[in-house]
Amino acid sequence: ALPICSHTLRGLSHQITGVCFSGNARLIGAVASDWQVGIWESSRSQLLHVFNMPRGVVTADNAGLAFSPDSSQFAFMAGTNAMLFDVASGRLKQNWRLPPGYVEGLAFDSTGRLFASHLEPTNAAAADFSRPTIFRVRELLASGAMTDLLDLPEFNLQVHAAGWAQDASFLVLEGVGIQGGATSRC
């Protein structure tokens, strides 16, 4: 039988809309509906940091959260920003500007490479979220640059959900596309 335990995590003033755990479950990250993000050390329920994040294009439940494999870094993504923080100090290490989007996804692979995905305008230079759209996957580089890895045009109408495996080995999407005038669910 598995032991059952619970912890109350305090420190954010609004409802939690998204949670992630570090690979070793030592750390917990959460985003609240007011775009505050907290990081806790789980065994002691100790709040380590609270960050006021930039608002995304839609609601905070679309934000992406991820810890690096060694739990030393925490990544956040929403709207037009992806950010990387040092967990020990809370210092912002990198900030990437992205085309406006939503249904954010973040994952680190086993070597520490950071991958990001979201639904965004096909015009990557667009200042506001607009149609037509595409679901795009990128690698976010430590230098602050980004590399486009994959465009998924079949998700060109709406994406309802997206989720990365903890080790970035795969991405699962559920959404709607239009091809040849026909709407299809993918």
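This is a predicted model: local features need pLDDT of at least 70, side-chain atom pairs count only at pLDDT 80 or more; totals for chains, interfaces and linings use all residues.
Close-up 1. Glutamate 41 is tucked away: its relative accessible area is 9%, so it counts as buried (buried means under 20% relative accessible area, exposed means over 50%, and partly exposed is in between, using a 1.4 Å probe and protein chains only).

Residues are numbered from 1 along each chain as its sequence is written, and side-chain values use heavy atoms, with hydrogens and water left out.

**Close-up 2. A network of salt bridges.** Which residues are linked here? Glu120, Arg136, Arg138, Asp148 and Asp151 join up in a network of salt bridges. Take arginine 136 and aspartate 151: their closest N and O atoms are 2.6 Å apart. This pair links distant parts of the chain, with arginine 136 in strand β9 (residues 133-140) and aspartate 151 in strand β10 (residues 146-152), 15 residues apart. Strands here are DSSP runs (E, at least two residues), numbered from the N terminus. Is arginine 136 buried or exposed? At 7% relative accessibility, arginine 136 counts as buried, while aspartate 151 is partly exposed, at 36%.

Close-up 3. Aspartate 148 belongs to strand β10 and arginine 138 to strand β9, so to speak a link between distant parts of the chain, ten residues apart. Arginine 138 has 5% relative accessibility, so it counts as buried. Aspartate 148, at 49%, counts as partly exposed.

**Close-up 4. An open sheet of four strands.** In what order do the strands sit? The order is β1-β2-β3-β4, and the pairing is antiparallel. Two strands are said to pair if DSSP finds at least two bridges between them. At the edges you'll find β1 (16-21) and β4 (46-52), each pairing on one side only. From one strand to the next, the twist averages 20° (axes are lines fitted to C-alpha atoms, and angles run from 0 to 180 degrees between N-to-C directions).

Close-up 5. Five bridges join β1 to β2, which run antiparallel. Look for cysteine 20, whose bridge partner in β2 is glycine 29. The hairpin of β1 and β2 has five residues between the strands, and alanine 25 takes a positive phi near 60° there. Isoleucine 28 stands opposite tryptophan 40 in β3.

**Close-up 6. A nonpolar patch on the surface.** Which residues make up the patch? They are Ile16, Val19 and Phe21, with about 270 Å² of accessible area together. Patches like this are made of residues with over 30% relative accessible area and no salt bridge, with nonpolar side chains joined within 5 Å (like charges are joined within 9 Å). Accessible areas come from the Shrake-Rupley method with a 1.4 Å probe. Valine 19 sits in strand β1 and is partly exposed, with a relative accessible area of 48%.

**Close-up 7. An open sheet of three strands.** Here the order is β11-β12-β13, again with antiparallel pairing. The edge strands, β11 (158-164) and β13 (182-185), each have a single partner strand, so one side of each is left without a neighbour in the sheet. On average, neighbouring strands are turned by 15° against each other, direction ignored. Six bridges join β11 to β12 (residues 171-179), and alanine 161 stands opposite glutamate 174 in β12.

Conventions:
A salt bridge is a side-chain nitrogen of Lys or Arg within 4 Å of a carboxyl oxygen of Asp or Glu.
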